[in-house]
Every structure is written in structure tokens, then in C-alpha cells.
Amino acid sequence: MGDFDMWSGSGPPLPSRTDLHHSSDHLYLQEDDEMETYEDFSEGEMFHKFFKINEKPEEEGTDSGVYASEDVCKSKLLGDQDLSNIIRCINTAETKTASGMITHVHTHTIPKAVSECDVETLALLLDCDHKAIESRVARVMTELLIQTDMRTHNYEKLLSSLNALFPVLQKRAMCPESTIGIQPVVILVLLVLHHQSLNHPDRKAISDSTRDNLQNYIDIMDTFSTLDSSPTVSNLRQSLRMILTSFQEVLKTTKMSHLQLGNFSEELHDGRHRKRLSKDFLKMSTLEHYSLILGVIVQISKFPGTMDTLDFFCTCVVSVLDFYKKKTNGDKHIYGLLLLTTRAIVSTLEKRHMKQTSDSTRCSLQEKLCEILQMIVCSSKIKSEIRQALQQEVAILMFHETGTIVKKVSEILKKNTSFSLNDTLLRYLTRTLESLSFSSHSTAIENSFLRWQTLQGTIVGHIHVSTQVFLPARESLLNGTFYIDTYRQSASKVPQTAEHYNSLKVLKKLSAYGPNEHVQRLFAFQTEPLPLFYMTETLQETKLSSYLLAHRKDRNWISDKMLGLISLGAVKALRFLHDAGLVHRNIVADSFRCRDQTVVLSEFSIAKTLPRESDELEDHSMQVTVDIPIRWSSYESLCEDEFSHSSDVWMFGQLLYEIFTHGCHPYTDIYGYDLDDVMDIVLFHDLKPKWWPCIPLAIHNVIVECVRASPPERTSLQSAQEDIERWMETTKRNTSHSGNITFTNRGSLYPELNQLQQDKPERGTTMKLRQLKSLDGNVKALYYNTLMKQKVQTNTLKITESDLTAPDHPVIRQEGIYLHIEEPVSQKFIDGPLDRMKADSDFATKQHIVNFPPQKKSLESTVKNGITHTLLYRCFKGKCLLDIALENLFGDPADAENEEAYANIIKEAVSFVSEMHKKKWILRDICCSTLFKSKAKGKVFMPRIGRFLKCRSAVSCVTDTCTNTDDRRNWMPVEVLQHKAYSPASDVYMLAMTVYEFYASASLSKTTPIVNRLEAVPFATLDPKKLLDNLLREEIPNQPTSCPEWIYRLLKPCWNRDPTRRPSAQSLLADVEAMEKFSDDMF
């Protein structure tokens, strides 16, 4: 995380692409419960830039198999490469260089060697110190040797292959896995050589050259005798040495072999020859047993063959088992043969060429092969360790596409207590992905079924990947191919299944648009046959949400620059999705991972394709309203189940809030409200995310533009990105934080994390919304109808005089031409604001104070609110605005001829506040009883300086939880009531309430003989407990009868719940002056 935070580079540019036309944003996804849950993308979209790896001829034209990204499965090297150079590069070069050569081996060298039946090249490749190459080459060589007519191989090249294989055996002697993989290949080469030597035209010549080589091989095998090894490895070595010595003896003699049949392949089809071979079996040598079995295997492997051939094969296997059971050290001789036979049968069953035969014939042949397989691996005539080793070879067939084979294999393995389907799955994946050089970091998989598991590993040597694999139940496997219906059924048992399935489809679609550094990459996948899996790049475990919260916890605030880069990464990822015709629907910090210098979108479980205008609406996930994050979702998504690029834009705005507040969920700042009430206010009263000083104003503007109520009015992601980039460029030129707040004071700028905030976003819908949506009709109309029924209109006052009093209220006496003020203040005020007032050269002039600085009188004891002193000062005589209004000092304010006089007072009040704001003073106690109009100069001033606060700029705020300002609750905005956050914007709100109070008071005196000034207090008839709730729902006072329309129109923006959207006092003054000038011109 440290590196991520310290990065200071600029954001990398997006790949060039056609910009999305936002005019298409009227397209929506709409939920339909009857819609198909799973719909695949078109084949072109699904497989674009993906290629089938390890494709077999019988798979051509089908969707079956593993698909891998072009970047990891295609060699970037041109043509053939020198083999010695390939091996040297893989064994000695640095990782990335070697990985390119490894890919070339898998994609070019091995396939070419197989197509040319080049056993020698394959043997040489085993010298590569690379596990995946070794495993794949050993398997490919085995298949090549048992599936190719033995006469097609070149004798000299086979001998050269042995010369390459034995040094590899020496090199890997201490690795049991390599020994078990390579030694059977060596045995196969020797057996093919033996077959060829029996009928070679120049047997004497080849015998002389071969014997010398065989002796060298025997000498090598003798060096292994001192190595400590498992029984199976030891038996395999004994089998190989026995074949070497037997072959050497054969080459020394001219004695006729039982296998010298001329054309061996053709002779085996003759029943008379099969009968003779069966009769001579007990007379044959061990080498001849091996060669005979190999000959039969070749016939079976090339084509399913006939039942007669399989019956003969079965007879041979039975004879082998009986013969070696009676023989001393028979296990040492038989293990190699049984291992080869088992692998050959498994390889034959895995091939799909049997589909060329009729169903009945194919089933009969498969059943016969399974019967022989069971006869071998379950035989009581061999030791238990050999049985278990052979059963491990068979286990891979548990993922066969044919249910009958899986059932047979399941019967074979049911008594094997060490068998684990999950371990077999891991081996299957490793083998299936050999051509990608897949190496799993997991040695085992949890033994549970019907769930998804993540396997970590690498491909092509250096790319770290995460493989999501579905662990099916055994009964699912017994059904053979895992059809989509089976998948849907399992989805109801495993909720993650729908999410993974949808993620895979989205990633496949995104792959068609090329890689994007801000979106997790898909490298490979398989949807059929079993198992279903997909492989993505491995990202840091740290989710963006965790990253933000960790920095918040440590008070290690992330720089604005870094937060900007995170935001850019997120918006670029979403633009990429939108360009691909997708809507994400889950844009929360949890959906992104941190990676070095940016963030990466890594969650796609409920993303969907946005249909073209002519397309039918589709749904690719189940019960989506259960999944969407409530606090991040727009009205149309929650109330109408509609999703579009505009609903994603809304969510991006909420994500920006989450990023810049260091992990706060949207609207969790509304303390004391349950989720139902919060979302009522957001959806039906258009509440915007709150601005905090930690959110630069430019970013807050982007947020507000993103969360406009009407989808067409929302900004585009492109515009949002440009605004963020513009702000970052400005930040580069001005490194100070917005509002000139120093970095060391950053902690005070952030909201406190709501203790009720859940670790994960709440998802689904609220109870109230669920009830409203269950009724017929428009959700919004239903809500407002319900709300109106609940409202109780009353004219009864809910406040008293005591509610408007406080211990720090000043005592103001008028004596002659002066006002004498005695104002209680705290020591905190004296040490702070008062000192700054003294430094302000014209502060006293603006306040009409005669003696400044004021005298301080200490109190004997501290009273409420920490009051310790009384300030004594004088101001020039004036009259408070409340008295002017109540007395109708300039006549009836409703008369047009008096309008200007009253409006002038308003202008002077606004002018006074504007001037104080220019000096960066927050007044905090603006109301009609605290504002006075000077009798001498006609200016407005405020003999109430004890609540003044100094701010750093016109856009900053100051939090003060010490001063009790409850006496002015009815004049105060939401941010003060909730968080005690004072700012010039909160003053503007109070000033607008004061103007309302002024005209409401003036209206009272002409309609009521006995005036109660409380009736003119804002929200006087509202229960104080409901004040905050009403303000959150954007309730504002009604227009007083005496208030001119143009003034009331200017007041409305001042009551905006968002302080950043209110006009400044200076702007309000300009509007008032403009309206006055307009009135004069009209007159």
C-alpha cells in the first residue's frame, strides 16, 4: 500500500478507441422475472482474440475445450528456432525472456514435432528445466508412440532419442515426479526399437551399434541403485533395467522371437496368430510380454478396433497378471508394463474419435476398455501401493464427457480411501493448461463440493494468475457433460455460481475490445467439458475500500494527487465497459483492486450487456435487485429496475464520495436514520452527497453533476474524466489543499466514520420500496400520496421564548447616541477570534464599535458554555431589524411605494455579511434580533461578536462543537444541525432565514393587534425534533405575504441543502442590487 500511495507519476492514457455517443443513454436494461437467466453472447463476441489450445482434430468446429488469450498462447517468435538455443534460453535466461521461448515451444515446436512424428526433437526438449514442458512432452511422446504404426519411426532417430533421454534421467534422478513421467517414455522407445530390430533387414549392423548404447544405459541405471526412492519409483527403475538387459541379450542372439510375425499389425487381425500368441505367452520373455502388449495397444489406440482385438488384449492382461504373480520379484517386472497399459487405455478413452462409430459400438468398446482397466488397477494380484499408483492415473477420467465412463471410474475408485476428487481436479487443470506453462501454487483443494474455489498460480513463467474453478458434486459428474440446465440447478444451491458465470461472460466480451490496464484481464477459460473454470490476472488482495479505510485508521491521509489518480483509473475502467456496450451496476470501492500506480476493476458479477435499440432486452443474472448496492444506486434502478450508462454515472458520483472521504459510504453522515428513511430522502427528495472540506470543490461539482435526478441531465463519464484531469492539472500548479488548508490539519477535514457503517455495502432494496413496488402505480406518486396523508397541518407554535435564549446572549442598552453591550464570552474566544479582531484594521468600523478593543471583565465562576468573561463595548445607536419589521417602520411593506425602503434594509444586511466574509469572518448568529440598522449612517451592523469565527477562505468551514448555538436552530442549515460545521455558506443560509423572518414579522404587525414575534420564527409550528428531518427533505419556509416575489426568488437558492450550491453573500448582493436597478429603471 505504501508504494501505491507514494506514486507520483501521471495517469497513463486510455488506449485509443471510438468514444461512446451518450445520445444512446436512453437505452435501458429492465428487469423481467420471466426472462431467461443465462444467455450467452454471440460466438463472435465470445471468442474474439481467444484461441483454442491443445485442440484435437475431433474438437474442430465445437465450443468444447480451453480457450486462451492470444497474448499468452501465441508465440511472438517467427519460424523455427535452433533447438539448442531454445533449451539454453529456457534454462539460463531471465524469466521474461525465457517465457517467450517457452510459449514458442508449446505453440510451435511441440505441435510441429508431433505432426512430423519427430520423437528425437521431443526427447531433446525434455532437457528443458521447465515442469510444464517436461510434463507435456512426456505425455505427447507417450501418445505419439502408442498411436503411431511402429514401422514409421526411424531406427537411428529412436536411438538418438534414447541418447537424449538417459542424461535427462540422470539429471532428474532425485525427482520422483520426473522419473515416473519420463521412464515410461524411455521404455516405450526401447520397445519400438525392439519391434523394429526383430524384422530389420540389417539386423547385425544395428545390433552392434545398439548393444554399445544399451550397455551405457545399463551403467547409468546402475548408478540409481543407491538412491533412496519410493517402491513405485524403484519398481519402475527395475522394469527399465530389465528391458535394457533383455534387449541386449536379444541383440546378441539370432534366436527367433515369438513376435516375429512379419507385418505385426496385420498379423494381429488374424485369429490364428492371436491364438498362437496366447498359447506361446508363458514361453515368452518379459521383454516380449512388454512388446506384445505394446503392439496390441498400438492397434487399439490408432482406432477403437474390433471386439476381437479387445478380447485378445484382455487375455494378454489376464495372462500377465497371473504370470507375474507367481514369479519372484514379479512386481519389479510388471509395474512398468501395467503403468504403460493403464496410460494407454486412459489416453484411448480420452480421445473422441470413437464418436465416428455407432452409439452401440462405441459404448461396447468403452465398456470393454473400462473392464480391462478395472481388471488392472483393482487386481488383488499386485501390491496395494502399485494399485493406488495406477488408480491415480485412472482418476483423471472422472472429468470425462461420457457419463458411463465416469460411472465405471467412480466404481474403480470407490474403495480407494486416498482418492480425492479435488486433488484430481488440480492435476487435471495443471495438465489441461500445460501449454500455458500453468503452475499452481496450491498443493491441494478443500474437499468440498458445489462451490467455487480460487487457485493461485503462474502462466508462461512470470504472469501471476487466479483460476476460478467450480467444484462439482460427484453426481454432477456422473451425468457426463455439465449441461447449462445442470448449471442452473446448481446455481440455486451455490449463489456464487450465477455471479461467476456472469463474470466470465463479461470478461469474454471485454476481451474483444483489447486489454485495458484498469480492467482485470481474462487469460483462459473452459465452459465445456467439465470442469468449468476461468483464469484472470492476479491482483493485489487489497480492495480499494480496504486501502482507503486503512489510511483513515492510521490518519495517514492520501494526497489529493493520489486520490485523483485513483478516480481517473476508475472512470477509465468504466468508460471501457461502456464502450463495450456493458452496464456495470456495482460501482463501489469494493469492486476495485489496488495495483501499483492505479486501480483495477475486478468485479463483474452483475454487469450486463446494454441492448442496442433494436435488440430485445436481456437479463444475464438472477434477482438483480437483491445484488445492487442500495446507497450507491439511482432512483430509476431502485424504483423502476432500470439500468443504463446514466445509472452507472450516478454510481460513479457516489464512488467519488467514497474515495475522497477515505471510505465513507454515501449518506452514512445522516446519523440516527435507518436505511429506509435515508433512501426516502435521497430518492424522493433529491438529497445529494454531502460536501466535506476533504472533497475539493471541483470534485464535489463532478459528484453533483453525476447524481442529478434526471438521467439525461447527468454528466457523461468523458466529461467527468476531463473535469478530474483539469482539477489535477490545477492541483499541480497549486500544491496547497483546496481552501488553503494546510496538510497537517487534514484530519479535521474528514467526516468521522459512522460506527453503524457495515463492512460491505447493503444490497437489494429497502422495506419501504419493496412495499411500494408491490402496489400498482408509479412508485413516486404512491410515495407522495402516502406522505401527504401522514402530514398533519397545524398553526400551533412549537417553540417558546426560552428556546431562543442562551447564556451568552448579550445585554444591549441604549444610552444617548450609543448602544452599550455586555456580551458573555469564553476564554477560547478571547485567545482566538478576539486577537484576530484586534489585528483587523477596520473591524471596529464595520461593526460601528466606538471603543475597541473592548474591555474584558472576568467572571467569578465559569457558567454554561465555558463562559469566563464579559466584553464591554459601545456601538453607535441603531435599531434592530426585528423592531423595524414589527413596527412597520416604513409603512405597510406590502405597498409598492414602501417596497424600496424595506428592500434597502435587506440590501444593507446582505452588504454587511458580504463585507465580513471578505475579511473571512463567519458570523454564526444572524437573525433579526442580532442585526441592527445604524440611525446615523443607515448601515447594518451586528453587536454580537462573541460567536464570530475566523475561517481560512470563502469555501472552508470550521467545526465547533463547544459553543452551544441551539437558540438559533430554526435559522440554521443541515450541516450545522448535524455536524456543527460553520462556514460562509451557513451564514448565507441564516441570512436568508433572517430575511424571511423580517418580512414575516412585518406581515404579523398588520394582521394581528397583539403581535407574538415567535410566529415569525422560521418553522415555528414544526416540532423541533422533526426540524432536521424536514430540512433533509428540502422543506423551506413559505413566502410571507409582505415579501416581494423577486426577493423570495433570491432566497430559495440560499436554502439549498448543499452548502457548495448556495450563492455567496457577494453574489447575493449583486443580485439584489441588479433587481433594485431593474426596479428603478422600470419606475
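Begin with the cysteines: the structure holds 0 disulfides, a disulfide being a pair of cysteine sulfur atoms within 2.5 Å. This is a predicted model, in which local features need pLDDT of at least 70 and side-chain atom pairs count only at pLDDT 80 or more, while totals for chains, interfaces and linings use all residues. Residues are numbered from 1 along each chain as its sequence is written, and side-chain values use heavy atoms, with hydrogens and water left out.

Select Cys 594, which is buried, with a relative accessible area of 1%, and then Cys 378, which counts as partly exposed at 32%; buried means under 20% relative accessible area, exposed over 50%, and partly exposed in between (1.4 Å probe, protein chains only).

Next, select residues 359-377, helix α17; helices (H or I, at least four residues) and strands (E, at least two) are DSSP runs, numbered from the N terminus. The end C-alpha atoms of α17 are 27 Å apart, which agrees with the 27 Å that its 19 residues should span at 1.5 Å a residue, where the expected span is 1.5 Å times one less than the number of residues. Among the buried residues of α17 are Leu 365, Leu 369, Ile 372 and Ile 376.

Move on to Ser 546 in helix α24 (residues 544-553), a residue that is partly exposed at 39% relative accessibility.

Finish with strands β14 (residues 811-815) and β15 (residues 818-826), which run antiparallel and are joined by 5 bridges; two strands pair if DSSP finds at least two bridges between them. Val 811 stands opposite Glu 822 in β15, and in the hairpin, with 2 residues between the strands, Gly 816 takes a positive phi near 65 degrees.
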